[in-house]
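Please keep the sequence and the structure in view while reading.

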Amino acid sequence: MIMKYILVLLSLLVPVLSPGQSGTIKGRVFNGANNESLPYVSIVIYGTNTSTLSDTAGNFTFNGVVPGYYKLAALAVGYENAITEEFHVTNARPTFTDIALKERPVELAQVVIKASAFKRMEESPVSLKSIGIAEIERSPGGNRDISKIIQSLPGVSSGLSYRNDLIVRGGGPSENRFLLDGIEIPNLNHFGTQGASGGSVGIINSDFLRDVDLFTGAFPANRGNVLSSVLDMKLIDGNPDKMVYRAAVGASELALSASGPLGEKTTLLVSARRSYLQLLFSALGLPFLPTFNDYTIKVKTRFDQKHELTLLSIGSLDNSVLNTGIEDPTEDQKYILSYLPSYDQWTYAIGAVYRHYRDNAYGSWILSRNMLNNESSKYENNDNNGNLLLKYVSQEIENKLRYENTARLNGYKITGGAGMEYAKYNNNTFQKVFIPLEDDTLTSRLYKSDLDFFKYNAFFQVSRSYLKDRLTLSAGIRADGNSYSGNMSNPLRQLSPRASASYGITEKVFLNANIGRYFQLPSYTTLGYRNTAGKLVNKENNITYIRADHLVGGFEYKRTENSRLSLEGFIKWYDRYPFSVLDSVSIASKGADYGVYGDEPVTSTSSGRAYGAELYYRDKIMDFLSIILSYTYVRSEFEDKSGRLIPSSWDNRHILNLSVASQLKRNWNVGMKWRYVGGGPYTPYDYSRSSIIEAWDARGQGYPDYSLFNTKRLDDFQQLDVRIDKEYFFKKWSLNFYVDIQNVYNFKSNEPDALVLQRNEAGEPVIDPDDPSRYMLKYIPRESGTVLPTVGIIAEF
């Protein structure tokens with residue numbers, strides 16, 4: 001009934017469009033190697049007969065464009081044809097897009113549009129998928145959160161339903177790296193897990209995203225310290241004509257943004273968001289009340305065609321307190337309140353990218369700094385004047401300088417550079433812990449850690465096409481080192497070669513392959529872990545870089561410029577993974593929950609593997625129906641203390657996504673997404689250890705039985721999401737209403753049963769009558785999933 005009333009309301013609001021309600025596309029076409037403007041290039045609105053020519057300065061303009069999502073195609077003699085990423089045209093502002101062309105001698109008669117709408121890179125012919133702005137804005141169930149949207153891509157799984165953990169090809173959430181306009185950001189989410197990459201809500205404001213590339217393998221040599229994926233996000237530039245404002249109200253937050261000129265050569269992007277989740281959660285009676293805030297600022301100056309400077313900053317401020325005022329809480333609410341701490345977290349990244357273009361080459365200097373401040377606390381019975389169980393304060397700081405040079409010489413693409421980082425980590429921890437030794441002992445873990453060291457790297461990659469561009473080969477090498485310890489200081493020990501090949505059997509069918517070795521430094525929480533005597537425990541354990549060897553191969557079929565079918569097989573061999581001394585398991589299976597990851601004694605002795613296959617199909621039918629289908633079969637296994645391979649926590653086996661979207665008349669858009677994920681392994685509780693009063697009081701929840709590590713498995717998960725958008729275009733502003741319904745048929749996914757205290761009628765814990773040192777415990781079933789409707793409004797003026 002709610003949906004019915006919403007749709008009727010949207011229909012009544014349809015205005016009569018006037019001739020003035022059309023948009024404008026402006027841009028510049030240039031040589032991608034040296035940034036020189038290209039005159040007299042033919043620019044076509046892709047999929048139409050509307051075209052124009054660039055002027056002598058490379059600029060072009062389309063007027064009278066009906067609002068909607070578009071791409072442009074560019075054709076020029078001596079250059080490869082190109083198709084831009086998708087962009088949104090409204091009447092509220094001109095839309096600007098630049099087109100970079102790659103130089104290649106061709107005959108005049110050969111100039112036709114044959115470029116593909118799908119991105120390809122010489123270095124990464126496999127394991128690269130891109131997402132356009134239309135998918136980001138209108139992905140059903142995505143809530144305009146890039147962390148959720150990329151879960152529809154092949155090879156990508158997720159952890160708990162209420163988190164944004166990025167799990168790629170059986171690798172853990174700590175194995176990913178994120179870049180924004182070339183600047184590395186430490187985490188993609190609010191309430192991030194320190195040492196990993198997960199969280200609850202994405203930090204990135206999707207209003208500013210231009211396109212997103214996800215590398216799930218075949219990493220270019222200039223992307224290091226990664227084992228599973230690189231998420232490379234690019235922002236739009238500010239509007240050079242006039243200041244434009246945008247306001248959005250969604251399911252959980254209010255967002256305000258502005259884009260416009262600061263001068264003749266400088267543009268500005270700025271946004272701020274604040275959530276009102278704490279109000280919603282309080283009304284629903286949830287046991288925790290989160291609040292998040294974030295900002296994004298980008299200033300870009302083009303001094304001339306040869307020099308440009310980009311300044312960028314992004315940050316967040318998060319707070320979560322316990323809702324202890326719930327009247328008559330349920331057993332599940334009591335359980336969550338018994339162990340969940342309060343959180344305070346803030347993070348930022350700030351950087352500058354200076355780019356200098358030369359003949360057939362350009363160099364980039366990237367200077368950045370990022371910082372994380374993470375605090376949490378927990379008191380017994382949630383009494384702030386009572387017994388302290390946890391007080392955690394930690395900071396991570398990175399200062400980075402990187403130089404990259406890209407040149408195109410005699411058909412070769414050559415990329416090289418080097419980088420230097422200065423890292424600082426500090427930690428002040430107090431925690432009541434129950435140490436799982438032969439004689440179980442309750443003690444306090446109290447330590448301070450201050451750590452700083454340098455990291456350095458160098459990289460080189462060369463690529464070239466042969467046999468009239470049917471065969472493309474690429475080879476690269478990278479070396480990383482640091483001053484943390486002697487066994488990691490020599491970069492030759494972390495030598496990382498990689499090679500790719502792509503062969504076009506026909507104009508539409510390609511065979512692609514990649515092989516590479518990649519290294520990643522363990523988390524700062526692991527490197528900086530100290531015992532009560534102040535010693536760096538893991539340094540004494542000779543901790544070193546984690547290593548992963550990748551082998552990927554497959555084929556790709558492009559039926560049309562808008563159609564793509566690919567099949568890839570992959571295998572990853574892991575070595576030197578940190579192995580938990582206390583739990584006797586690889587920490588590769590940890591990191592998908594709130595708090596801290598890797599803050600424990602480990603040894604670099606764990607090995608494992610992940611392997612599988614991915615099917616990806618994307619097509620556009622009759623110019624109005626878009627279909628995306630992805631299926632992944634994946635196995636992920638790591639050795640236990642006996643050297644036996646057992647499933648990791650990311651061993652989901654089957655992942656299936658189906659998305660269908662359609663653009664209808666009168667600016668209506670509808671879409672649906674169905675997702676299926678195989679049940680993941682989990683570890684049952686150790687009832688005997690958990691029932692010890694001192695053990696339970698220190699933790700507030702059960703202790704996993706690591707002798708039965710990942711021997712249980714959850715049921716499979718599935719969910720259907722639906723989204724409807726309606727846009728209105730007035731004379732000088734536009735309005736977008738959307739309705740997004742997650743989990744339409746109210747699927748309930750099971751979670752591991754919770755082990756909780758038995759309580760008497762007075763609400764007090766029941767003591768075991770046969771052993772007064774133990775509580776009486778019981779299991780309660782847990783499940784998640786509910787229909788979640790969202791109504792959003794976006795205004796631009």
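The buried residues of helix α4 pack against strands β21 (266-275) and β22 (288-304). Here helices (H or I, at least four residues) and strands (E, at least two) are DSSP runs, numbered from the N terminus. Buried means under 20% relative accessible area, exposed over 50%, and partly exposed in between, with a 1.4 Å probe and protein chains only. Packing and touching refer to contact, that is, heavy atoms within 4.5 Å.

The model is predicted: local features need pLDDT of at least 70 and side-chain atom pairs count only at pLDDT 80 or more, while totals for chains, interfaces and linings use all residues. Residues are numbered from 1 along each chain as its sequence is written, and side-chain values use heavy atoms, with hydrogens and water left out.

Helix α4 spans residues 277-284, and its buried residues are Leu277, Gln278 and Phe281. Viewed down the axis of α4, these residues fall within an arc of 95°, so they line one face of the helix; the arc is that of the directions from the helix axis to the C-beta atoms. An α-helix has 3.6 residues a turn, so residues three or four places apart point the same way. The face of α4 turned away from the buried side carries the exposed residues Leu279 and Ala283. After α4 comes glycine 285, whose phi is positive, near 75°.

Strand β22 also holds valine 299. Valine 299 counts as buried because its relative accessible area is 18%. Leaving aside residues up to four places away in sequence, valine 299 touches Leu262, Thr266, Thr267, Leu268, Leu309, Thr310 and Leu311.

In helix α5 (residues 331-339), the residues Gln333, Tyr335, Ile336 and Leu337 are buried. The buried residues of α5 pack against β22, β23 (307-322), β25 (361-379), β43 (749-757) and β44. Strand β44 (residues 777-784) contains arginine 782. With a relative accessible area of 19%, arginine 782 is therefore buried. Its side chain makes a polar contact with the side chain of aspartate 332, at 2.7 Å. A polar contact is a pair of N or O atoms within 3.5 Å; within protein, one must be able to donate a hydrogen and the other to accept it, and residues adjacent in sequence count only if both atoms are side-chain atoms. Not counting residues up to four places away in sequence, the residues that arginine 782 touches include Tyr335, Ile336 and Glu751.

The wider setting follows. The secondary structure of the protein comes to 10 helices and 45 strands. Of its 797 residues, 55% count as buried. Among contacts between residues at least 6 apart in sequence, 66% join residues at least 24 apart.

The largest nonpolar core has 34 residues, of which Leu227, Leu451, Phe453, Tyr484, Leu527, Tyr574 and Tyr577 touch the most other members. A nonpolar core is a set of buried Ala, Val, Leu, Ile, Met, Phe, Trp, Tyr and Cys residues joined through side-chain atoms within 4.5 Å. Among the elements that give two or more residues to this core are β26 (388-409), β28 (441-466) and α7 (524-527). Apart from this core lies another, of 29 residues, among them Leu153, Val156, Phe208 and Leu209.
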